[in-house]
Amino acid sequence: MGILLLMILVSVSLGAIFLFLFFLGYKKGQFDEDESPAVRMLKDDKKTKDKIDS
């Protein structure tokens, strides 16, 4: 029974740590990017387009 209590405490503690780190990253603006790299590569880049046309 003691090991079960220990495992529950460890898993809840680990979950709380990851939740804290998630909110810390959110507060620092890590998740503020509006578009993914897959969408970004589809948009025309004026700098690259100008170099190719020259």
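These are my notebook entries on a predicted model of one protein.

**Entry 1: overall make-up.** I looked up the secondary structure first. I found three helices and zero strands. Along the sequence I read the pattern as α-α-α.

**Entry 2: confidence.** I noted a mean pLDDT of 84 for the protein, with 81% of its residues at 70 or more. Of the elements, α1 has the highest mean pLDDT, 97. Helix α3, covering residues 46–53, has the lowest, at 60. Where pLDDT is low, predicted coordinates should not be read in detail. I kept that in mind when I looked at the end of the chain.

**Entry 3: helix α1.** I followed α1 from residue 2 to residue 27, a run of 26 residues. From its first C-alpha to its last I have 38 Å, close to the 38 Å expected at 1.5 Å a residue. Just after α1 I came to Gly29, whose phi is positive, about 90 degrees.

**Entry 4: surface.** I looked up how much of the protein is buried. Of its 54 residues, 2% are buried. The accessible surface comes to about 5500 Å². Carbon and sulfur atoms account for 68% of that surface.

**Entry 5: a nonpolar patch.** I listed the members of a nonpolar patch on the surface: Met1, Ile3, Leu4, Leu6, Met7, Ile8, Val10 and Val12. Together they have about 860 Å² of accessible area. I picked out Ile3, which sits in helix α1. Is Ile3 buried or exposed? I put Ile3 down as exposed because its relative accessibility is 57%, and exposed means over 50%.

**Entry 6: aromatic rings.** How many aromatic pairs does a search of the whole structure find? I have two aromatic pairs in my notes. I also wrote down one aromatic cluster, formed by Phe22, Phe23 and Phe31.

Technical notes: Residues are numbered from 1 along each chain as its sequence is written. This is a predicted model: local features need pLDDT of at least 70, side-chain atom pairs count only at pLDDT 80 or more; totals for chains, interfaces and linings use all residues. Side-chain values use heavy atoms; hydrogens and water are left out. Helices (H or I, at least four residues) and strands (E, at least two) are DSSP runs, numbered from the N terminus. The expected span of a helix is 1.5 Å times one less than its number of residues. Rings of Phe, Tyr and Trp (its six-membered ring) pair if their centres lie within 6.5 Å; planes under 30 degrees apart count as stacked, over 60 as edge-to-face and the rest as tilted. Patches are made of residues with over 30% relative accessible area and no salt bridge: like charges are joined within 9 Å, nonpolar side chains (Val, Leu, Ile, Met, Phe, Trp, Tyr) within 5 Å. Accessible areas come from the Shrake-Rupley method with a 1.4 Å probe; for residues, only the protein chains shown count as cover. A salt bridge is a side-chain nitrogen of Lys or Arg within 4 Å of a carboxyl oxygen of Asp or Glu. Buried means under 20% relative accessible area, exposed over 50%, partly exposed in between (1.4 Å probe, protein chains only). pLDDT is the predictor's confidence in each residue, from 0 to 100.
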